Amino acid sequence: MKLRDFGLLFALMALWGLNFSVIKLGVSTVHPLVLTALRFSAAVFPLIFFIKKPDVEWRYLMAYGLSFGVGVWG
């Protein structure tokens, strides 16, 4: 492996390790549904620049997103 690969691997391990501390801190101070909403927002923000919107009406897209987000994760 190249040095760059080891650096990326180390960064990934550090992010995973810090993630558990932040989750514990967050759950003890913030409502879990708010944390879930923040997670989805952080995950979708970079994707909206790279993935094309499906060829459906906005109301169907929002209904799917709301039912999936609340139904599955709520």
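These legends describe close-up views of a predicted model.

**View 1. The space and lining of the largest pocket.** The largest pocket holds about 790 Å³ of space. Its lining is made up of 23 residues. Nearest the centre of this pocket lie Phe40, Val44, Leu61, Gly65 and Leu66.

**View 2. Helices and residue classes around the largest pocket.** Two helices, H2 (32–47) and H3 (58–73), each supply at least two residues of the lining of the largest pocket. H3 gives the most, with 9 residues. Sorted by class, the lining of the largest pocket has 16 nonpolar, 5 polar and 2 charged residues.

**View 3. The second largest pocket.** About 290 Å³ of space lies in the second largest pocket. The residues that line the second largest pocket are Asn19, Val22, Ile23, Gly26, Val27, Pro32, Leu35, Thr36, Leu38 and Arg39. Helix H1 (3–29) and H2 are the elements that give two or more residues to this lining. By class, 6 residues in the lining of the second largest pocket are nonpolar, 3 are polar and 1 is charged.

**View 4. The salt bridge between Arg59 and Glu57.** The structure holds 1 salt bridge. In this salt bridge the side chains of Arg59 and Glu57 meet, at 3.0 Å from N to O. Arg59 has a relative accessible area of 53%, and it counts as exposed because that value is over 50%. Glu57 has a relative accessibility of 45%, so Glu57 counts as partly exposed.

Terms used
Residues are numbered from 1 along each chain as its sequence is written. This is a predicted model: local features need pLDDT of at least 70, side-chain atom pairs count only at pLDDT 80 or more; totals for chains, interfaces and linings use all residues. Side-chain values use heavy atoms; hydrogens and water are left out. On a 1 Å grid over the protein atoms alone, a cavity is a set of points where a 1.4 Å probe fits but cannot get out, and a pocket is an open set with protein on both sides within 12 Å along at least five of seven lines; lining residues have an atom within 4 Å of a point. Grid points are joined across faces, edges and corners, and a volume is the space filled by probe spheres set on the points. Helices (H or I, at least four residues) and strands (E, at least two) are DSSP runs, numbered from the N terminus. Ala, Val, Leu, Ile, Met, Phe, Trp, Tyr, Cys and Pro count as nonpolar, Asp, Glu, Lys and Arg as charged, and the others, Gly among them, as polar. A salt bridge is a side-chain nitrogen of Lys or Arg within 4 Å of a carboxyl oxygen of Asp or Glu. Buried means under 20% relative accessible area, exposed over 50%, partly exposed in between (1.4 Å probe, protein chains only).
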